[in-house]
Amino acid sequence: MASGREIKTKIKSTQNMRKVTRALEMVSASKIRKAQDLMKASRPYARAMRKVISHIAQASTDFNHPFLVEREGVARVGYIVISTDRGLCGGLNANLFRRLLPAIREWQDKGVQVDVVAVGQKAIQFFRRLKGINLVATASNLGERPKLEALIGVMKIALDAYMGGKLDRVFLAHNEFINTMTQKPAVHALLPLPVAAGEMAEGQTGSPDYPVAGLKLEQKHDWDYIYEPDPATVLEHVLGRYIESVVYQGVLENLASEHAARMVAMKSASDNASKVIGELTLIYNKARQAAITQEISEIVGGAAAV
Amino acid sequence: MSHTLRVDIVSAEAEIFSGEAQLVVATGEMGELGIAPRHAPLITRLKAGHVDVVLGNGERQQFWVSGGILEVQPQVVTVLADTAARASDLDEAAAQRAKQEAEDALANRTDAVEIAEAQAKLAEAITQLQALERLRKTLKH
């Protein structure tokens, strides 16, 4: 049995660890509120945007924007992967990557090239090591209040590649915030819009607040918008804004998920530390007791011998 | 047939206004637009400026947007603003200060990007001040 002093050091270090995990837990608990508020605040915009986009899809426009046209044959696909910057948030990132890998392998088996745009330190680290994919752009350190400006650069790379015909499909992967206890890794088709809408119609994903959900692209109605100044300019602007809003919403959802996951992970770490401390204290007391008993019996034995 | 249309004004940060209205006036890219119920479907970009909403009871509410998208359906008007505020929430002192700063920046800088940035800021500040001016006028009446 370990000596009393050794056990005591172990108890001390476990107590220190518990202090750290407790602190992290409380920090996340306070940040999660703000993250959730941010996420909720941007939802009306996403919802209104979704409505406008579904109207646009229904109008019978002569002008066909590349975002609205599904291309024949897929040679290259892009994934925008949103992860956290920091670790210690349970299996949040690992779950997302695990969800993504089979999809990426499937594309590769079909001879399709896969490009990845990584947002967040963890995704950058993961995809840098992964073989067979191209990491085309990265963004990280978005902070507690992610700014849209920080994302525009990486989005532009993915959208330009799509417009230039280098990518035939673009997907968005992030964690969806369901509640504090549950976060769901989700991969959605982002471009072209008919694919995104088709996926939603099949009911593969179901969060009602997700911007693309419920978007129906019933083509060819008998009316069209008055475009000012002209369809190309307006659609370019509106569709660009739409993609921005979807990706931004994804980042906010991921942020809320991060804090929720960290809070839960740190809570269970604290609980485990408490349990270990309890067990160690018990062992320590037993060892102390044993030492005392032994000492007494030695004294008694010595006295009897005299 | 209804005599009002539904108006939603949202910005990226919050929902600013939602309700029934008789008339919506906004500054489109091609000029000022007045939208009454049963307007033909229309979609356009908005310039920085004011958005006025005349409610069902004739009351006039004024808003300011920094730019965005206006979508019109016969019974629904949606304003997707980059940033928006109620005109009464605008801070005149802050707008004046922003205007001054942008003007100073314009005077001192030579880099093309910086000039464009300063011009955009100046335009924003000026439209804010104009919106406030309009608000003051309507309050006097």
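Hi everyone, let's start with chain A: among its contacts with a separation of 6 or more, 75% are between residues 24 or more positions apart. Keep in mind that this is a predicted model. Chain A has 306 residues, and 35% of them are buried.

The mean pLDDT of chain A is 85, with 90% of its residues at 70 or more. The stretch to watch is residues 203-220 of chain A, where the pLDDT is below 50; in the model this stretch still has 37 contacts beyond near neighbours in sequence.

Chain A has an open sheet of 5 strands, in the order E3-E2-E1-E4-E5, and the pairing is mixed. Which strands stand at the edges? They are E3, residues 134-139, and E5, residues 183-191, of chain A; each has a single partner strand, so one side of each is left without a neighbour in the sheet. On average, neighbouring strands in this sheet are turned by 20° against each other, direction ignored.

If you want one pairing to click on, take E2 of chain A, residues 113-119, which pairs with E3(A) in the parallel sense over 5 bridges. Within E3(A), Thr138(A) is the bridge partner of Ala118(A).

Helices lie across this sheet as well. H5 of chain A, residues 148-163, lies across E1, E2, E3, E4 and E5 of chain A, and runs at about 150° to E3(A). H7 of chain A, residues 231-305, lies across E1, E2, E4 and E5 of that chain, at about 35° to E4(A).

Two loop residues in chain A are worth a look for their backbone angles. Leu88(A) has a phi near 55°, which is positive in a residue other than glycine. Leu88(A) sits in the loop between E1 and H3 of chain A, and it is partly exposed because 16 other C-beta atoms lie within 10 Å. Asn141(A) also is not a glycine and has a positive phi, about 55°. Asn141(A) belongs to the loop between E3 and H5 of chain A. Is Asn141(A) buried or exposed? It is exposed, with 9 other C-beta atoms within 10 Å.

On to the interface. Here 21 residues of chain B are in contact with 19 residues of chain A. On the chain B side, the elements that give two or more residues are strands E1, E2, E4, E6 and E7 of chain B. E4(B) supplies the largest share, 4 residues. By class, this side of chain B has 10 nonpolar, 5 polar and 6 charged residues.

The two chains also share strand pairing. E6 of chain A, residues 226-228, is joined to E4(B) by 3 bridges, and the two run parallel. Tyr227(A) has Ile43(B) as its bridge partner in E4(B).

One last stop in chain B: Ile126(B) is placed in H2 of chain B, residues 112-140. Ile126(B) counts as partly exposed, with 16 C-beta neighbours inside 10 Å.

How values were computed:
Residues are numbered from 1 along each chain as its sequence is written. Chains are lettered from A and ligands numbered from 1 in the order in which they are written. This is a predicted model: local features need pLDDT of at least 70, side-chain atom pairs count only at pLDDT 80 or more; totals for chains, interfaces and linings use all residues. Two residues are in contact if their C-beta atoms, placed from the backbone, lie within 7 Å. Ala, Val, Leu, Ile, Met, Phe, Trp, Tyr, Cys and Pro count as nonpolar, Asp, Glu, Lys and Arg as charged, and the others, Gly among them, as polar. Two strands pair if DSSP finds at least two bridges between them. A residue is buried if 20 or more other C-beta atoms lie within 10 Å of its own, exposed if 12 or fewer, and partly exposed in between; C-beta atoms are placed from the backbone. pLDDT is the predictor's confidence in each residue, from 0 to 100. Axes are lines fitted to C-alpha atoms, for helices over the stretch in contact, and angles run from 0 to 180 degrees between N-to-C directions.
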